[in-house]
Structures are given as C-alpha cells and as structure tokens.
Number of protein chains: 2
Amino acid sequence: MADLAELLRGAVAGERRSLARLLTAIENDAPGIRELLPSLFAAGRGAHLVGITGPPGSGKSTLVSALAAEWRRRGRRVGIVAVDPSSPHTRGAIMGDRIRMMDHSADPDVFVRSMASRGQMGGLAAATWVVAAAIDAAGYDPIVIETVGAGQSEVEIARLAETTVVVEMPEAGDEVQAIKAGLLEVADVLVVNKADRPGADRAARQLRAMLSTAGGRVARKPPPVLLTSATGGEGISALAEAIDGHRSVARLPDQARARADGQLRRALGEAATRRAASRADWTATVEAVATHEIDPITAAERLLA
Amino acid sequence: MADLAELLRGAVAGERRSLARLLTAIENDAPGIRELLPSLFAAGRGAHLVGITGPPGSGKSTLVSALAAEWRRRGRRVGIVAVDPSSPHTRGAIMGDRIRMMDHSADPDVFVRSMASRGQMGGLAAATWVVAAAIDAAGYDPIVIETVGAGQSEVEIARLAETTVVVEMPEAGDEVQAIKAGLLEVADVLVVNKADRPGADRAARQLRAMLSTAGGRVARKPPPVLLTSATGGEGISALAEAIDGHRSVARLPDQARARADGQLRRALGEAATRRAASRADWTATVEAVATHEIDPITAAERLLA
C-alpha cells in the first residue's frame with residue numbers, strides 16, 4: 001500500500017488511479033485512514049452530495065446514467081457511488097457495472113465507484129461518507145450516491161446526502177404504500193420513473209396526495225414530484241434542475257446542522273463501540289449478556305460509566 | 001402512567017392490558033423504563049425469538065398467521081411483534097392489522113403487537129428487543145418478530161432474533177438476486193412462499209444453488225429451503241418443525257455470544273450518543289461539523305477523549 005497522503009495528493013491532482021486506490025484503502029479501513037481524515041476533509045471542495053434511492057426495478061441506475069449525461073452537457077464532472085445490495089461475500093457490483101455500461105466508461109469526467117453495502121468502518125453510512133469526501137477532494141461535483149432499499153437504507157442515505165431523490169415506479173400494494181409513506185419524510189425530490197408505463201400519472205397524483213395529507217410535520221415545502229423516462233430521456237433535464245436547485249436549500253444553516261447532528265451521532269456510536277470492544281472486560285461482558293446475566297442496555301451503561 | 005413495576009407485575013401475572021401498557025411505555029421510552037430493564041430482563045422465561053423477514057408482497061403476514069395457528073395446535077402461547085414499515089407520522093399498522101384479521105383476535109394465547117419501525121430508544125433494534133423481552137416475561141413462547149425490508153433491516157433482525165426466517169417468492173431481476181445473496185448470510189431457514197405459483201420450484205433450486213456456492217463463509221450447515229403456501233396451509237407444519245429445531249442450535253455458546261456481541265455494540269453506540277448529546281460542548285461540535293471545520297469521525301473521537 002502506497003503512502004496514503006501520497007494517494008490523496010494524487011487524487012487531488014486528478015489521478016484517477018490514486019483516487020481508486022485511496023477509495024480501496026477507505027473501504028478496507030486500512031491502517032492510517034483515520035489519521036488521514038482531517039486532511040482528506042480539508043481537501044474537500046464542497047461538492048453537492050445527492051442521494052438517489054428507490055426499490056429494486058425502479059430504474060435507478062439508468063436514471064443516474066441519464067442524469068450524469070445531462071450534467072456532463074452542463075460542464076459538470078460527475079462522481080457516482082453505487083452502493084450495491086450484494087454482500088461482501090458475493091461481491092457483485094450490479095449497479096456500478098450497469099452505470100459503467102451506459103457509455104460513461106470512456107469519459108474521464110465521470111467517476112464511478114461500486115461499494116458493497118456492508119463494508120468496514122461501521123457500515124454503509126460511515127464508509128460511504130468518507131468515500132464521497134475523497135471523490136469531492138478529487139474535484140467531482142455533483143456526487144451521486146445510489147442505493148437500493150425499502151426502509152432503513154433510505155434513512156441512512158438521507159443522513160448522508162444533502163439532497164435525497166426517491167425514485168418510484170407505478171405500482172400498488174399495501175406494504176409498498178406504507179414504505180412510500182415512510183420515504184416521503186426523507187425525500188427532497190420525488191421521481192416517478194418509467195413514466196411511459198400505464199399508471200405513472202396516477203402514481204404521481206397519489207404521491208402528491210400523500211404529501212399533502214402528511215400533516216404534523218415541521219413546516220416544510222412539499223418536495224416536487226417529477227415524471228421521468230430514463231430510457232427515453234424524458235424529464236431528465238427538469239430533474240437535474242430540481243436537484244441543482246435544492247443545493248442552496250440543503251445548505252441553509254438549520255438543514256446543515258440537522259445533517260451534522262445525525263452524522264456526529266452515528267460516528268460517536270461507532271467510536272464508542274470500537275473503544276469498548278478493546279477493553280479488558282469486553283469478553284466477560286459479552287459472556288454475561290450471552291448467558292442472560294445482564295441485559296445489553298444496562299451492560300452498555302456500565303461499560304461507559 | 002401507572003407505576004412501571006406494577007405494569008410488569010401485571011404482565012407477568014397474565015394481564016394483557018398491563019402488557020399492552022408496558023409495551024407502550026417501552027415504545028415511548030417513558031421515564032423509568034431504563035431503570036426497569038434489569039427486573040424486566042430477570043422476569044424473562046427464555047422464549048424462542050424468531051425473526052421473519054422478506055420483501056413486500058412475499059406473504060409474510062399470512063405465513064406468520066398460519067404459523068401461529070400451527071403453534072397453537074401444539075399448545076404454545078404465541079407472541080407476535082409486527083414491525084411496520086410505516087413512519088411514526090403516518091402510523092399505519094398494516095402487518096399487525098393483517099395478522100389480527102386472521103382470526104387470532106379472540107384467542108388470549110396469541111398476543112399481537114404492531115410497532116412503527118422508527119421508534120424511540122435508538123431505533124428498531126433496541127426498542128424491539130425490549131418489547132420482545134416484555135412479551136417473554138408475560139409467558140409467550142415463541143415470539144415472532146416480523147419485519148419487511150430489502151437489506152439493512154434483515155441484518156438488524158438477525159442481530160436480535162435467535163432464529164431468522166427469510167421469506168422469498170418466485171421472482172427475478174438482478175437487484176433482487178443480489179439482495180437475496182445478502183440475505184443468505186443471515187437466514188437460518190429459507191422459505192419460498194406462494195409455492196402454488198409457477199416458478200416456485202425453480203426459485204427453491206436457485207436458492208439452494210446460491211447457498212452451495214456461497215463459499216468463503218465460516219463452516220456452517222447451509223440453511224434448509226422450504227416451500228410453503230400460507231393461504232393453502234401447505235408446508236406450515238414442516239416450517240414450524242424447522243424453526244423449533246433451530247432453537248437448540250441458536251443457543252449453542254458461540255451463537256449466543258455472537259448475538260450478545262452485536263446487541264452490546266448496538267446498545268453501546270446508543271448509550272454513548274445519548275451521553276455525548278447531553279454534554280455542554282455538543283452544540284458547538286455539531287456546528288463545527290455543519291460548517292465543515294471538522295469531520296464527524298474526528299469530532300466523535302474528540303468528544304470521547
């Protein structure tokens with residue numbers, strides 16, 4: 001492994017290979033990575049972090065690829081992190097491969113990185129955040145983080161991204177509707193993709209209705225609901241506008257503070273766990289929990305006391 | 001709010017209303033709940049915790065209901081926690097309502113509880129664990145925890161449950177396949193439900209093939225792949241056998257220790273975060289992260305130092 005600071009310098013200077021190797025070091029939580037964080041962070045250029053999520057089959061990858069093409073036309077250098085649902089054991093790279101196939105592979109101003117969703121550094125959120133920071137330092141902006149899921153991972157991506165785009169497709173079903181309801185809270189932009197299919201207009205109307213009745217929330221402008229057809233290229237320009245337009249909203253002090261609060265809590269939990277796990281009484285405490293002598297919550301309080 | 005210790009005594013004595021009120025207090029992280037944990041835990045009777053998860057539309061709720069009926073025939077008192085994907089704002093109770101509708105509502109020996117998946121006490125895992133402990137104290141065994149998801153929440157449930165059942169249905173698609181691959185790691189029992197539909201046998205064969213090629217894992221017997229038709233009642237008895245049979249495996253010391261390790265890490269992260277958030281310099285630190293003066297990981301290390 002080359003010197004990490006050297007890799008960072010290379011990445012900042014525009015060497016794709018240095019950036020790629022730096023990202024591998026981050027994913028592996030390589031020795032020295034944590035010490036590099038302050039300088040990695042200081043090298044950041046303030047790229048717009050855009051999360052794109054939605055259920056399997058909603059056409060996220062095609063949409064991300066179409067968006068990348070649109071941003072390239074606008075002279076932007078685009079970073080894409082495709083968080084794959086595959087496990088570390090079955091290291092598929094389904095979403096990233098799909099995006100690569102979409103004709104960006106020859107373009108040095110589009111950088112695509114695939115990550116398995118269960119990585120090091122305490123899981124998705126932490127590692128993805130650092131990966132995005134490295135791509136930011138290399139001068140890509142916006143940086144799109146694409147993930148699949150139906151629940152938990154949307155909340156994770158919303159904690160990380162400045163602008164969260166939730167992609168839906170025409171569909172029905174109680175559970176699906178309930179999941180959608182949960183997503184409305186984290187979405188800054190809603191997209192009904194595959195808008196050439198029957199039911200798309202109805203789905204968009206339904207989403208707008210759900211948004212207008214989702215009362216009780218803090219005063220917040222309801223997110224726009226856009227229709228796209230990624231394969232046909234329809235609605236892509238409007239979507240890029242909506243995302244770009246949300247950047248300044250996302251950077252209002254209250255929003256930035258809420259995001260920072262979530263990131264800090266997450267990082268704290270991970271740091272505390274790492275520390276406790278290296279304590280001399282860790283094994284005995286695990287044993288006590290395993291044999292039901294003590295409950296985990298009370299045990300955790302004692303480890304911290 | 002009645003005295004919590006009083007509610008616990010009532011729950012242990014078999015009063016459903018006391019149990020229900022105790023669960024509400026747990027979900028709301030009511031004052032005094034944390035102090036109650038040691039006695040709540042001590043009142044536990046060692047119920048078998050069974051997690052059942054799978055994608056929307058796989059028929060989990062019907063399957064859980066059929067399993068409950070099977071266990072009742074075997075003289076067991078069944079607890080069911082249905083973790084709904086709905087948000088706190090849109091408090092649906094879709095899965096729990098479905099199970100209730102399945103004719104267990106008149107049976108005092110089936111206890112069904114719905115929870116929104118984004119509760120208090122640091123989210124799904126912590127609150128669900130405590131809820132299950134309370135139902136255990138009330139004498140239900142097994143306790144089924146049903147959740148929906150495609151990724152993160154399966155990992156959560158596997159951390160909590162002693163036996164994790166993953167429900168699949170005949171289907172295709174790259175992303176779906178990749179999600180399945182991730183699930184194979186957490187499943188103790190795999191079920192292809194809706195086995196009366198075309199493609200069920202093929203899906204079962206596919207899953208078995210994926211299991212046999214998922215090399216690199218620690219030596220572990222591959223989980224059984226069962227076919228069920230919850231609506232037709234087929235395969236339910238065999239599934240109940242498989243789950244019951246896994247109980248002793250789940251309680252081997254290594255397995256219990258691994259589960260305790262995960263629970264303790266989770267609880268530690270939450271406890272540390274709660275403590276840090278009450279510190280005098282918390283607001284200033286959040287501000288520093290929000291304005292990009294410091295990265296969250298380094299900031300967390302400093303808060304802990």
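Predicted model: local features only at pLDDT ≥ 70, side-chain atom pairs only at ≥ 80, totals over all residues.

Me: How far is A:Ala209 from A:Ala277, in sequence and in space?

Reply: The two residues are 68 residues apart in sequence, and from C-alpha to C-alpha they are 48 Å apart in space.

Me: Why is strand 4 of chain A, residues 143-148, called mostly covered?

Reply: A residue is buried if 20 or more other C-beta atoms lie within 10 Å of its own, and in strand 4 of chain A 6 of the 6 residues are buried. In a regular strand the side chains alternate between the two faces of the sheet. In strand 4 of chain A, A:Ile143, A:Ile145 and A:Thr147 are buried on one side, while A:Val144, A:Glu146 and A:Val148 are buried on the other, so that both faces are covered.

Me: How do you know that strand 4 of chain A pairs with strand 1 and with strand 2 of chain A?

Reply: Two strands pair if at least two bridges are found between them. Strand 1 of chain A, residues 49-54, is joined to strand 4 of chain A by 6 bridges and runs parallel to it, with A:Leu49 having A:Ile143 as its bridge partner. Strand 2 of chain A, residues 78-84, pairs with strand 4 of chain A over 5 bridges, also in the parallel sense, and here A:Ala82 has A:Glu146 as its bridge partner. By that criterion, both strand 1 and strand 2 of chain A are paired with strand 4 of chain A.

Me: In chain B, what is the strand order of the sheet, and which strands stand at the edges?

Reply: Chain B has an open sheet of 7 strands in the order 3-2-4-1-5-6-7, with parallel pairing. Strand 3 (110-116) and strand 7 (225-227) of chain B each have a single partner strand, so one side of each is left without a neighbour in the sheet, and these two stand at the edges. From one strand to the next, the twist averages 20 degrees.

Me: What packs on this sheet of chain B?

Reply: Helix 4 of chain B, residues 60-73, does, touching strands 1, 2, 3, 4 and 5 of chain B, and its direction makes about 170 degrees with that of strand 4 of chain B.

Definitions and conventions. Residues numbered from 1 in each chain as written. Chains lettered and ligands numbered in written order. Buried ≥ 20, exposed ≤ 12 C-beta atoms within 10 Å, placed from the backbone. Helix = DSSP H or I, 4+ residues; strand = E, 2+ residues; numbered from the N terminus. Axes fitted to C-alpha atoms, helices over the stretch in contact; angles between N-to-C directions. Contact = placed C-beta atoms within 7 Å.
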